[in-house]
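Reader: I would like to go through the terms used for this model and hear the grounds for each. Please set the value against the cut-off in every case.

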Amino acid sequence: MEDYEKIRTFELEVLDEAHVNYAFFRYSEAIVIPYLLQVYGDTERHRDNLIANGYDAHNVSVYLNNMIHGIGHCIRWMRKQKQPVLQDITDESPRQLQEMAADFLGWGTGYHMIAQEFVTWSRGIKSAIFDEKNKSITFLNPKDYDYYSIYDKQLLYAERMQVVYLSYPHEQMDNEFEEWIKDIDFSQPPIANHIDWSKGRHSKSYPLLYAKMSEVLLPELQETTELGGYSLKELRQFYALFFLNFHFIRWIEAVLDAKKGQNLSFGSNPLYLSPPKFEKLASTITGLSTDVTRAIILDLTFNPNNFHTSVTIQPFVLSSSGTYYVLPNLFSQLEPSRMILGALNKGSKKKIYDKLINRIEKFNLNKLYSSVTDFSNWTSYLEKVIKYEGKQVHPDLIIIDTVRKCACVIDYKHFIGLITASEVNYKMNELKKGMTQIKNYVEILSKVNNIGTLNIEGFTIDGLLITHKPMPVPITNEIDIPVTDMATFINKGTSVNNQHLHELIQFFRVNENPKTIFTEFESEIAVGEWRVLRSQHKIINAN
C-alpha cells in the first residue's frame, strides 16, 4: 500500500473515529450541545485575562476561532450518533460535565486543525510524510511562499474588522444597559428569563446600530433587495436587534465576571427553544413577522451535512430532536458581513447570491473608478473594450499616466473572507486565474498603439489585481502580478496624489519589511497512538 493510501486509511479508520473514545460522546445531544456552547462562551470570557497575562491577542483569537469550528465537528458527530449510551446526568456534577465537555470540544478543535491539513494535502497544496514505525504523519507547508505576508494580511483583516466593531454605538448602548440591568433578578438565573426582548426596538441605540448595518451588511444593494423570504432591510433589522439584545447579555456577563469571578451560573448559558418559540422570540425582538424571522433563522441554521460550513456563519444550532440552541455570547462576537454572506453562499440562497454578485462587483468597481478620478489627473477607463488581432478584452479598469508614460490594467474580484481550507484552496486558484488574465491584458496593451484617443506606444504597462478584502492566502510566485485589497489601494492612491503611477504599482509589488514578526514552530496533536505534526506561526513581535 502506498503512503497516499495509508494516510487515507488513517483518516477513515483512526482520525474520523477518534471522537467515539471521548466520554461525553456517550451522552445525548440534548446534554452535549448546550455544554459545548457554554464551554466556548466561558473560554471567550477569559479572553481579556489571557491577554493581560501575556498572550498575544491575535493568537488568542485564532485559538477561539478554531474552537468555534470544533463545535461544528462535535455537532456533526452527535447528529450521527445512533443511540446515546447515557441519558441521565444526575450522577455527574456540573464540574464533571464541564470537564467532559471541554475535553470533547478540545478534540473537536484539534480535529478541525488536522482536517485543514488533510484538505490542503489532498488538493496538492501541502505534502505529507507518513512514518508508520513512529506512528506519525507530518504535514509540510509548500515552499516559496511569503508567510510573513500571509499573516500580515490576517492581522490587517482582523484590524479592519475591529475598526468596524468599534464604530458601533457602544457608548449609547452602555448607557442604556445601565438602566436595563436594573430589571435583572440575579437571584433567579438565567439572565434571559428577565429580559424584556422588545425593549431594543424602542431604544435610542437601535436606529444608530441599524444605520451602521446599512454600511456593513451588503451596502452595495438597495434595502428593498429581496433575499428569498425577506428583504435586505429586514435582514439588517434582524441582525441589529439580535446583536443589541445578545450584546446586552454578554455585557452583563462581563459585569458579573468583574465583580464575582468567572464560571458563574449566569454566564454563557445558551437559549433552548423549539422552532416555533424561537421564531416567536425573534419576532418579539425584531418586530418582524414570524414568516420573515423563520426564513432568516433557516438561513442562519447550522447545516451538519455540509462539512465546509461553520458555526461562524450559521450560529443557530438545531438538534435532531428539534430544539434550537443559541449562544448570545457567540452570536454577538461574529462578524456580521462574513456571517450573512457565508450563510447565503452555503445554503439554499446560493442562487440568489450568485445573481446579486454582479451588482455588488459593479458597485465596488464604480467606487474604485471614482476614487482614481478623485485623487489623480490620470486618464481612466472603466470596462474599456480593447481589440487586438481579432481578440477582444475588456479589463475592469485601465489607468493611464500620459505625463510619465505609463499605464496600469486592473481587475477587481469581490472575494468574501475565508473560513475553511477548502476556501483557501479555491481562492488560491481564483487568484492565479485572475493574475494570469491580467498578465494577458498587459501583453495585449504593450502591443496596441492607442486606447481610445490616447497614444500609448512605448508606455510602461503594469498590472494589478484588487480584491474586496485582504486575502491571507499563499500566492503563486510564478506570475509577477501584485495583489492588493480595495481599501489599501484607495488609501495609498490618495496619499500618492498625482505622483508616478508606476511607483504606486511598485508599492504593491515590492514586499515591505513585515509589520509583524512571526516565528514558525511545529505543533503536535495526538490521535490515539498516533501523532499529527503541522507547521504553525505565532506572533513574537507586533509593530
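Author: The model is predicted. In the whole structure, 38 aromatic pairs are found.

Reader: Why are Phe278 and Phe316 called an edge-to-face pair?

Author: Two values decide it. The ring centres are 5.0 Å apart, and the cut-off for a pair is 6.5 Å. The planes stand at 85°, and edge-to-face requires over 60 degrees. Phe278 and Phe316 therefore form an aromatic pair of the edge-to-face kind.

Reader: What parts does the pair of Phe278 and Phe316 tie together?

Author: Phe278 belongs to helix H10 (residues 275-286), while Phe316 is in the loop between helix H11 (290-299) and strand E4 (317-318), so the contact ties together parts 38 residues apart in sequence.

Reader: Are Phe278 and Phe316 buried or exposed?

Author: Buried means under 20% relative accessible area. Phe278 has 0% and therefore counts as buried. Phe316 also has 0% and is buried.

Reader: What makes Lys492 a charge over the ring of Phe507?

Author: Lys492 lies over the face of Phe507, 4.3 Å from the ring centre. The limit is 6 Å, so the distance meets it.

Reader: Why is strand E9 described as largely enclosed?

Author: Five of the five residues of E9 (residues 397-401) are buried, so the rest of the structure largely encloses this strand. In a regular strand, side chains alternate between the two faces of the sheet. Leu397, Ile399 and Asp401 are on one side of E9 and Ile398 and Ile400 on the other, and all are buried, which leaves both faces covered.

Reader: How do you know that E9 pairs with strand E6 and with strand E10?

Author: Pairing requires at least two bridges. E6 (residues 379-382) and E9 have four, in the antiparallel sense, with Leu382 opposite Leu397. E9 and E10 (residues 406-413) are joined by five bridges and also run antiparallel. Asp401 has Cys406 of E10 as its bridge partner. Both counts meet the cut-off, so E9 pairs with E6 and with E10.

Reader: What lies between E9 and E10 in their hairpin?

Author: Four residues separate the two strands, and Lys405 in the turn has a positive phi of about 55°. Another hairpin is formed by E1 and E2, with four residues between them and Lys135 in the turn at a positive phi of about 50°. Strand E1 (residues 127-131) and strand E2 (residues 136-140) are antiparallel and joined by five bridges, with Asp131 opposite Ser136.

Reader: What makes E3 and E4 edge strands?

Author: The sheet is open, with three strands in the order E3-E5-E4 and antiparallel pairing. Strand E3 (271-273) and E4 each pair on one side only, and this makes them the edge strands. E3 and strand E5 (residues 324-326) have three bridges, and Leu271 stands opposite Val326.

Reader: What lines the second largest pocket?

Author: This pocket holds about 540 Å³ of space. It is lined by 20 residues, and the closest to its centre are Asn345, Lys350, Tyr353, Tyr426 and Lys427. Helix H13 (336-346), helix H14 (350-375) and helix H15 (421-445) each give two or more residues to the lining. The lining divides into five nonpolar, six polar and nine charged residues.

Reader: Why is H13 called mostly covered?

Author: Nine of the eleven residues of H13 are buried, among them Met339, Ile340 and Leu341.

How values were computed: Residues are numbered from 1 along each chain as its sequence is written. This is a predicted model: local features need pLDDT of at least 70, side-chain atom pairs count only at pLDDT 80 or more; totals for chains, interfaces and linings use all residues. Side-chain values use heavy atoms; hydrogens and water are left out. On a 1 Å grid over the protein atoms alone, a cavity is a set of points where a 1.4 Å probe fits but cannot get out, and a pocket is an open set with protein on both sides within 12 Å along at least five of seven lines; lining residues have an atom within 4 Å of a point. Grid points are joined across faces, edges and corners, and a volume is the space filled by probe spheres set on the points. Ala, Val, Leu, Ile, Met, Phe, Trp, Tyr, Cys and Pro count as nonpolar, Asp, Glu, Lys and Arg as charged, and the others, Gly among them, as polar. Rings of Phe, Tyr and Trp (its six-membered ring) pair if their centres lie within 6.5 Å; planes under 30 degrees apart count as stacked, over 60 as edge-to-face and the rest as tilted. Buried means under 20% relative accessible area, exposed over 50%, partly exposed in between (1.4 Å probe, protein chains only). A charge sits over a ring if NZ of Lys or CZ of Arg is within 6 Å of the ring centre and within 35 degrees of the ring normal.
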